[in-house]
Each structure stands twice: as structure tokens, then as C-alpha cells.
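Here is a walk through one protein model. Keep the sequence and the 3D view side by side as you read.

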Amino acid sequence: EKVQKSSGVFDTKKLNWMNKEYIKKLPTEKLTEFITERIPEAIRSNADFDKMFPKLISIITDRIEKFGDVTTLFESGEFDYFFAEPKYEKALLKNTAFIADTIKLLEAVDEKNFTAENVKTALWDFATEKGRGEVLWPMRVALSGKQKSPDPFTLAGILGKDKTLKRLKIALN
């Protein structure tokens, strides 16, 4: 009497959600191992890979539902801007009026403490005063070359002070 007569429905969306939850709960060592083995060799052989990769784990984990997604993301160029200078259309920058001020504010941040949190602290009041989109959008594009990427604070924290300032100066010019 209490058994359904129709068959069950296989829900791929729910399966992917469950898999993502499983991935989040993996120990860091296992997660790192599973992700690393799926990154294309061309990326792993990059000189900056060993330095950048530990900082990318959380970003990669946020963007995947299954480990096969790692290969797809890297092959599509989703993370290329971490390993090479970004290429972008000049029009994508829209407004470079505040990049010089952004550079000055970031130069004041100590290199050893150049984290996403400290970058945000250095820029937030200025960005709020001038308009967050006016300040942070050009910074995001200068650092990643993309419309969709992690926030500019995260990007700067991962890239480090030297690369961040270099890319901002290129965008300014």
C-alpha cells in the first residue's frame, strides 16, 4: 500500500550537489592530490605553479562539482591569468581614472602582509568614496583580463604585490 508504483527519478543536479559536498569535506592532502593529478602538464610545468597552486585550492574547490571539472576549467583557460600576463580588450577596462590612486594605496601595503584582507582594507574606503565599480572593476580586469573572476582582493592576494602592481601599471599605460 505504501510503495510508489512509478519508478524513481535519477537527478543529476542532486548528484552533483552531493559530490560537491563530499569534495568540500575531503582532507586538504587528499583534495590537493586529486586536483593536482587532473591539472594539465603544461600548467604544472609552469615556473609559478608550485608557488601559486596552494593559494588556488579554495578557488578551484568552489568552482567544481566533480574532479573532472578541474581539467575542463584549466583547459578552457579559466585560470591562465595566474600563470601568465592577462590579455584583454582595452575597452573592457572602461575607466582607468582611479588606477594610479589604487597603485599608490597598494604600494603602502607591506609585501609580507599583502593578503586579500589587507588589500581590501587598503582600498575599501577609497573604493566606497569613488564608487566601488569605478575602482574595483578596472582592477579586476587588469589582474585577470576577464569579466568574471574572483574578486580583485583575492586576485591581488594570490598574485602578490609585485605582479599586482606590475599588471595595474600595464593597465594604466
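Start with Glu-21, which is partly exposed, with a relative accessible area of 23%. Buried means under 20% relative accessible area, exposed over 50%, and partly exposed in between (1.4 Å probe, protein chains only). This is a predicted model: local features need pLDDT of at least 70, side-chain atom pairs count only at pLDDT 80 or more, and totals for chains, interfaces and linings use all residues. Residues are numbered from 1 along each chain as its sequence is written, and side-chain values use heavy atoms, with hydrogens and water left out.

Glu-21 has a partner. Its side chain meets that of Lys-24 in a salt bridge (3.1 Å, N to O). A salt bridge is a side-chain nitrogen of Lys or Arg within 4 Å of a carboxyl oxygen of Asp or Glu. Both residues lie in helix H1, 3 residues apart, about one turn of the helix. Helices (H or I, at least four residues) and strands (E, at least two) are DSSP runs, numbered from the N terminus. Lys-24 is partly exposed too, at 47%.

Now look at Lys-20, also in helix H1 (residues 12-25). Lys-20 is buried yet has no salt bridge. Asp-62, the nearest side chain of opposite charge, is 5.5 Å away; here Lys and Arg count as positive and Asp and Glu as negative, while His and the chain ends are not counted. What does the side chain of Lys-20 reach at 2.9 Å? That is the backbone oxygen of Ile-64.

Last, find Glu-78. Glu-78 forms a salt bridge with Arg-63, with the closest N and O atoms 2.5 Å apart. Glu-78 lies in the loop between helix H5 (68-75) and helix H6 (90-93), and Arg-63 in helix H4 (residues 49-63), so the pair ties together parts that are 15 residues apart in sequence.

Key:
A polar contact is a pair of N or O atoms within 3.5 Å; within protein, one must be able to donate a hydrogen and the other to accept it, and residues adjacent in sequence count only if both atoms are side-chain atoms.
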